[in-house]
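Trainee: Could you take me through one part of this protein slowly, as I am new to reading structures? I would like to see how a single spot sits within the chain.

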Amino acid sequence: MMRRFLRQPGGRLASIFAALLFAMSAVMGSYLYSACQKASADYTTLISDIVLAQQATPQLRAALEESSRLPDREHIQYIDYFISLSKQHLNNIQRSIERHRYLIADVEYLNTHFSELNSRLSDLRQQAQEAQQRPELRDPLQSMAIEIGGAQSWLYNQLLEKVRAISVQQRLVMQRLSIAVSALLVLMVSAAITLCLAVIYLQRQRNIMHRLMLTDELTGLYNRRHLVNVASAALIQAQRDRVPLSLLLLDLDHFKQINDNYGHPTGDEVLRQISQLLRQLSRPADTLARIGGEEFCLLMPSTTTHDALQAADRLRREVEVNTFRGIDLHTHPTVSIGVTTCQSGSLSFEQLYSFADKALYQAKALGRNRVESLLPPGDPLTYTEAQACTHILIRESSDS
Ligand SMILES: Nc1nc2c(ncn2[C@@H]2O[C@H](COP(=O)(O)OP(=O)(O)OP(=O)(O)O)[C@@H](O)[C@H]2O)c(=O)[nH]1
């Protein structure tokens, strides 16, 4: 069914559209997922920088306390190391903020505090160097360190608080965005599915319409329109291949009586049963059609007059001996058949049909429930030969 769907132009278009939608959904989904991942990774980096900077603050203070007790050169270097570490952390945080501006756009005002803290750390370093030679500077160094430590703690806490608030806000935005994108994708996929279903539905309707155009509603056999199309093509083919093509015209005898005796619905039922019987008896290559009320036509490609007459007589006999539901034996339907064959030359369907019709008229005139044939003039098998053929066949059938 899928392959049939894809073969139709509408089906191909719908599947390309659906494939595009699926690809688009996949790209959007993966982009959103990676954006979420990146944002959370950026927050993690920034927070770890802040935490590291926070840890360096008490270490610097401890180093300063130690130096006031043991103010040797080694301790000054120790203090210098922690001041450098604090400055480095400060720079890292500033760089992180600079890199991920979209994360914390509203922390600009903290920049002045960063610069201030940076210069105070530089002052502290200078003071520590001087305190090595001047012991009276050690106490102010302590109080300066406490002050800087306080400023650092305040700044980092502010920053953490901000980052946390912004991260919560962004997570919320991301969640809403994910929901919106998912809803959009569901909508798009539903639209694609609806489109495919609509195309399938329209194709089915078109097939039904096509079938209705070519078939007879009561019997399900082909109708006259289809027969004319098939016969016209078959005639051209037969003439090209130089093979015979036969046409049988079948008409039920005294069918009016069945309608009159049993009513129209029973008449319909008999028509259906006869159609089924004729369909079973005809070859797959033949085209069987109901072309009028109780008139049927059988187109037989690559069939000589002799074979067509044999087939016609077989059909006649099968109808004669068949048991029909809903009617008595004395009103048992029989069928008269006119046969013609296109042996050579170019004939239209209408011309071929008129020969079969004349043969059928003859069959009716000669008492019904019989087969008669009439060939187009100029064909190798003449009318009289065909007549003889018919009589032989009929004699054969009555003998058996
Ligand atoms: N039940 C039913 N009857 C139909 C249908 N189409 C045509 N008929 C009937 O078929 C009958 C044809 O009658 P006639 O043309 O006189 O032919 P006949 O009675 O078969 O007589 P002959 O053909 O001369 O043997 C009419 O009574 C139509 O009403 C149909 O679809 N259903």
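**A close look at Phe82**

Mentor: Happy to! Phe82 is found in helix α3, which covers residues 73-99. Please keep in mind that this is a predicted model. Is Phe82 buried or exposed? Phe82 counts as buried because it has 23 C-beta neighbours inside 10 Å, and the cut-off for buried is 20 or more.

Next, let us see who those partners are. Setting aside residues within four places in sequence, Phe82 is in contact with Ala56, Gln59, Leu60 and Ala63.

Now step back to the whole chain. The protein chain has 11 helices and 5 strands. Of its 400 residues, 26% are buried. Among the contacts in the chain with a separation of 6 or more, 72% join residues 24 or more positions apart.

Two other places are worth a visit. An unreviewed UniProt entry annotates residues 177-202 as a "transmembrane region". In the model that span is 100% helix and 0% strand, and its end C-alpha atoms lie 37 Å apart. Then there is the ligand, surrounded by 16 residues, with Asp253, Phe255, Lys256, Gly267 and Gly293 the closest. Two or more residues of this shell come from each of β1 (245-252), α7 (255-262) and α8 (264-281). Helix α8 gives the most, with 4 residues. By type, the shell holds 4 nonpolar, 5 polar and 7 charged residues.

Notes
Residues are numbered from 1 along each chain as its sequence is written. This is a predicted model: local features need pLDDT of at least 70, side-chain atom pairs count only at pLDDT 80 or more; totals for chains, interfaces and linings use all residues. A residue is buried if 20 or more other C-beta atoms lie within 10 Å of its own, exposed if 12 or fewer, and partly exposed in between; C-beta atoms are placed from the backbone. Two residues are in contact if their C-beta atoms, placed from the backbone, lie within 7 Å. UniProt positions are given in the numbering used here, feature names are shortened, and annotations may be inferred rather than shown by experiment. A residue is near a molecule or strand if its C-beta atom, placed from the backbone, lies within 6 Å of it. Ala, Val, Leu, Ile, Met, Phe, Trp, Tyr, Cys and Pro count as nonpolar, Asp, Glu, Lys and Arg as charged, and the others, Gly among them, as polar.
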